[in-house]
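Walk through this model with the coordinates open.

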Amino acid sequence: MRLDPDHVQKLSRAIEESPNGPEVKFDLAFMNEAKRRLSLWEMGLLTHALTRASIAKRRSVEQRALLALFVHDGGEAT
Amino acid sequence: MTDLIGHNNPPIETAADLPSGMPKMHYFKCDIAAARKATFDKPLDVRGAFWSAMLAMYEYMEPLPADDSMAQMRLGIKDVRTYRAVKKIMLNLGMLYQLPSGRLSNQRFEDEIAAYVTEFRNRQEAAKIREEKARVARGTRGNRPGIDRESTSNRPRIDLKSPANRPPIEDRLNVDLSKKTNENKGDATTIVPEHTPQTDHEAPLRARVLELELDSKGKKEREYAPPHTTRMPRRDDRDLPPVDVWVCRPGEEEIQPGLFVNCNMIRHRGFTVSIDSVAMQLATASIGIPKEDVPTIARNESIAQAMQWAADYDAGRQSNIPTNTANYVRGVVIAAQNKKAAHTNSMSKSTPYRPSSYGREKPDPQAAALDALEEVNRRKEAKKAQADFIDGTFTRIDR
């Protein structure tokens, strides 16, 4: 699958590599909306999927879509 | 005990302790390894509760409230007993800890908030320094030695009332401009007195002095019209009584209070409609309206729309009145005509009858049954006549 350069750039801006591992910038608005809609169990499932997608070496399309939805690229919010 | 935020500042327990004017956070950094290490062996609902608690703290930028019902609402948990249960689990597992005030907090959250506040303060300080430098630069420019154009003390004072400062204009005022003085050509060019470039600089001053001279003679208004043209009397000059134009004139009919119609115009205080304009637009629109029907349609539609607009105007809804009334009426008529044509086209198609088809006459079942019975009887009689003919007992009746 050929990846969109904008998508790759967005993920690279949102996921910073540090000595302890990756640090991901999560969008508060989207995460709060998810918290409002999901139950505790579903919220745990979502965070499990997000953390697995963040540390994956080769991300699947589902993981890419999930990360693209919930990460923040760190720019100034509009 | 919480960390100190910033330099020698008290710990932040509520959002009120944050610096004023600090914007809300739009994202938070999550250390994935630490988060997985803290939650990988926990049930999914406990993980969800922990993440919900973290999100609530980041959203409100303060630790979770000590009040269980308020904290439960912030976490989005519907039952307070559920919240108390997960709170107990999280406190036991060390995911959250309780502040002396009873609030629940997390070390990672406090580090993030501290970093955010520090960055905000650094930016604030940088902006203050930048603004101070810009202010100093502006002040330096303002104090440069030179001519201050805004200062009135630096302007040369000219006493207009002093006759010594007035230029000699009396000879120029005495020039008869109405007389043609150019003998070389037949045009109306006037010869102005010669002037030097130095005197051109005094032109605005001369104009001002000329104006003052005219005013001092009691002439309130300057005459720009040449003397050979007659000046039309303006409305103010006419000695006419004020006319109320919003009354019914001869030939008009007041079809609604304040709405007057004559043969080619609809008048109202808020709008006018030219019936002739609408009729001409419709006549040239080629939309299939017979030529003889155009004036009637234009008049009726214009009056119908005008009555509604007059009612809107009286009700204070002037925005409902279109800017170009004739165009609007034309559009309404054309739209209605197009709709009618589309309906006619749809009806002319040879489609079989369906109960849902609009406009078709539904067949009467009783009449259909009678028609079928009649057809059966007719066939029976024909068959009987044929049998009689075959039997050979056929008698002519015309003899």
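A salt bridge here is a side-chain nitrogen of Lys or Arg within 4 Å of a carboxyl oxygen of Asp or Glu. B:Asp312 and B:Arg317 form one, with their closest N and O atoms 3.4 Å apart. Buried means under 20% relative accessible area, exposed over 50%, and partly exposed in between (1.4 Å probe, protein chains only). B:Asp312 is buried at 4% relative accessible area, whereas B:Arg317 is partly exposed at 44%.

This is a predicted model: local features need pLDDT of at least 70, side-chain atom pairs count only at pLDDT 80 or more, and totals for chains, interfaces and linings use all residues. Residues are numbered from 1 along each chain as its sequence is written, chains are lettered from A and ligands numbered from 1 in the order in which they are written, and side-chain values use heavy atoms, with hydrogens and water left out.

Over all chains, the salt bridges number 21. Another is B:Asp68 with B:Arg84, at 3.0 Å between the closest N and O atoms. This pair links distant parts of the chain: B:Asp68 sits in helix α3 (residues 68-75) of chain B and B:Arg84 in helix α4 (residues 80-93), 16 residues apart. Helices (H or I, at least four residues) and strands (E, at least two) are DSSP runs, numbered from the N terminus. B:Asp68 is buried at 15% relative accessibility; B:Arg84 is partly exposed at 44%.

In chain A, the side chains of A:Lys25 and A:Glu16 meet in a salt bridge of 3.2 Å, N to O. A:Lys25 is buried at 8%, and A:Glu16 is partly exposed at 28%.

Now the fold of chain A. It has four helices and two strands, in the order α-β-β-α-α-α. Of its 78 residues, 41% are buried. Helix α4 (residues 61-70) of chain A buries A:Gln63, A:Arg64, A:Leu67 and A:Phe70. Seen down the helix axis, these fall within an arc of 145°, so they line one face of α4(A). The arc is taken over directions from the axis to the C-beta atoms. These residues pack against α1, β1, β2, α2 and α3 of chain A, where contact means heavy atoms within 4.5 Å.

Last, the surface. A:Met1 lies in the segment before α1 of chain A and is exposed at 74% relative accessible area.
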